[in-house]
Amino acid sequence: MAQVQKNTAKSWFRPKDIPTQAVRRLRLPHWLPYGLAGLGITILVALAFRPTPIPVDVGTVTTGPLQVTVDAEGQTRVKDRYVVSAPVDGRLLRIDLDAGDPVQTDAVVAQIDPLPLDTRVRAAQARLQQLRAELTGVDTQRPKPEALAQTNARLQATQATQQATAAEVEETRVALAQARRDRNRAQDLEPRGAISRQARETAELVVERLWLLYAADVKRSLPAIANVAAAQEALSLLREEQRDPDYLEDAYRAQISGVEAELANLVDEARRTTIAAPISGTVLRVPDESARFVQAGDPLIELGNPGELELVIDVLSTDAVQIKPGDQIIVEQWGGADSLAATICYIEPAAFTEVSALGVEEQRVNVIGTLTESAADPLGDRYRIEARIVIWADENALQVPVSALYRCDQDWCVFVVEDERVQPREISIDHRSTMAAEVTSGLAAAEHVVLHPSEQLQAGRKVKPR
């Protein structure tokens with residue numbers, strides 16, 4: 001039975017069962033297969049070379065808040081930091097304070113061994129006392145007032161004697177001169193017989209007698225003159241001896257002034273060996289707690305108030321010129337979940353050179369800010385922060401994503417998506433942030449633009465948003 005069905009099925013497809021006229025009507029032209037094949041190839045080639053839509057990222061022109069910021073890293077810093085240094089050289093005793101300990105004003109925070117300075121103070125005091133005693137003893141080297149008075153009286157006596165002898169010499173000289181005139185007249189009158197020879201001889205004898213008397217008076221006045229000179233010399237010597245110790249007094253007074261200054265300095269240094277806190281605050285850092293020898297100026301401890309912090313933000317000098325006191329700061333990455341608000345207080349007037357991670361020297365400036373709100377988790381000294389300094393803001397700015405911009409000659413252009421095709425358009429922008437730019441002309445709100453335009457985009461090219 002199965003064999004019969006099989007044969008029956010085969011016999012149904014036999015050509016001889018089809019009428020001859022029907023077979024002739026179904027016969028196709030011999031060129032038809034070739035035409036269909038060519039048509040298929042043409043369609044495939046057309047489909048292969050047909051431009052397909054380019055997948056692109058699309059952004060929207062929006063209206064809303066826009067901020068232009070200078071982003072930089074910074075750190076917190078205690079506003080008023082007090083570095084307590086060693087005021088004098090000496091052996092520092094161990095510091096018992098640790099970082100975080102509170103201190104009060106005038107509380108002892110460190111102690112330098114005062115013994116060496118106390119010893120030097122006592123030595124200076126002893127030397128000062130010695131010099132004062134030597135100054136007092138200078139007067140004992142001076143001549144006594146009685147010796148000066150006696151020498152002065154002797155000088156006056158010799159001067160009186162010398163004056164008396166000088167008067168006698170003058171009197172004898174005058175008498176001798178008159179006798180010489182009388183002799184000369186007698187010598188003129190005697191040849192004429194006016195006087196006798198005896199009278200002439202008497203006149204001559206008077207002259208000789210007065211001459212001898214004058215010579216004796218002059219000789220007797222010489223010792224008086226010598227006595228006056230000796231008395232004057234003795235008085236001058238006594239007066240010089242009176243003045244001689246004056247230089248000793250000046251020398252001792254100068255030494256006393258030097259020792260007094262040294263003593264005052266030593267007393268002050270000895271007083272400063274006990275080092276007190278200048279403010280009430282908290283210990284921020286103790287460089288070395290161990291006892292050691294220190295020199296004047298070595299830092300011992302840092303004090304401050306951690307509750308009074310300021311922000312120190314390191315920015316490029318080219319960015320610093322755009323920042324003004326009062327600008328808003330948005331503090332991020334400080335350790336808390338929310339950002340903090342702060343304001344610019346001032347910009348330091350001097351820049352400094354810093355080498356970047358790429359090895360490029362940069363001129364940077366510290367911008368100082370103050371927090372306007374307290375953090376939920378308290379910040380400390382020298383904590384790292386990231387700051388965004390707002391140098392321009394607008395609450396209703398027409399903006400386009402920065403990634404949609406590209407340069408066309410000297411202007412900015414974007415590709416605008418219209419009916420799934422892109423058209424280049426020249427626009428004008430003003431302020432720009434890292435993510436968006438303010439549009440002043442060329443675009444309207446809600447228009448779509450291509451983000452990150454590639455070189456494949458051309459005017460009228462179809463695109464497909466990703």
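Reader: In β11, which residue is the bridge partner of Gln 75?
Author: This is a predicted model. Its strand β2 covers residues 62-78, and strand β11 covers residues 309-316. The two run antiparallel, paired over 5 bridges. In β11, the partner of Gln 75 is Val 312.

Reader: Which residue does Gln 75 stand opposite in β16?
Author: Strand β2 also pairs with strand β16, residues 384-401. That pairing is antiparallel too, over 13 bridges. In β16, Gln 75 faces Arg 384.

Reader: How many disulfides does a search of the whole structure find, and which residues are joined?
Author: The search of the whole structure returns 1 disulfide. A disulfide is a covalent bond between the sulfur atoms of two cysteines. Here the S to S distance is 1.8 Å, within the 2.5 Å cut-off. The joined residues are Cys 408 and Cys 413.

Reader: What is the handedness of the link of Cys 408 and Cys 413?
Author: The angle about the S-S bond is 75 degrees. With that angle, the link of Cys 408 and Cys 413 is right-handed.

Reader: Is Cys 408 buried or exposed, and why?
Author: Buried means under 20% relative accessible area. Cys 408 has 18%. Its disulfide partner Cys 413 has 7% and is buried as well. Cys 408 therefore counts as buried.

Reader: What kind of aromatic pair do Tyr 406 and Phe 415 form?
Author: The structure holds 2 aromatic pairs. One of them joins Trp 211 and Tyr 214, tilted, at 6.1 Å centre to centre and 35 degrees between the planes. For Tyr 406 and Phe 415, the centres are 5.1 Å apart and the planes 20 degrees apart. Planes under 30 degrees apart count as stacked, so this pair is stacked.

Reader: Why are Trp 211 and Tyr 214 separated by about one helical turn?
Author: Both residues belong to helix α6, residues 197-243. Trp 211 is partly exposed there, at 43%.

Reader: How far is Arg 407 from the ring centre of Trp 412?
Author: Arg 407 lies over the face of Trp 412. Its distance from the ring centre is 4.0 Å.

Conventions: Residues are numbered from 1 along each chain as its sequence is written. This is a predicted model: local features need pLDDT of at least 70, side-chain atom pairs count only at pLDDT 80 or more; totals for chains, interfaces and linings use all residues. Side-chain values use heavy atoms; hydrogens and water are left out. Two strands pair if DSSP finds at least two bridges between them. Helices (H or I, at least four residues) and strands (E, at least two) are DSSP runs, numbered from the N terminus. Buried means under 20% relative accessible area, exposed over 50%, partly exposed in between (1.4 Å probe, protein chains only). Rings of Phe, Tyr and Trp (its six-membered ring) pair if their centres lie within 6.5 Å; planes under 30 degrees apart count as stacked, over 60 as edge-to-face and the rest as tilted. A charge sits over a ring if NZ of Lys or CZ of Arg is within 6 Å of the ring centre and within 35 degrees of the ring normal.
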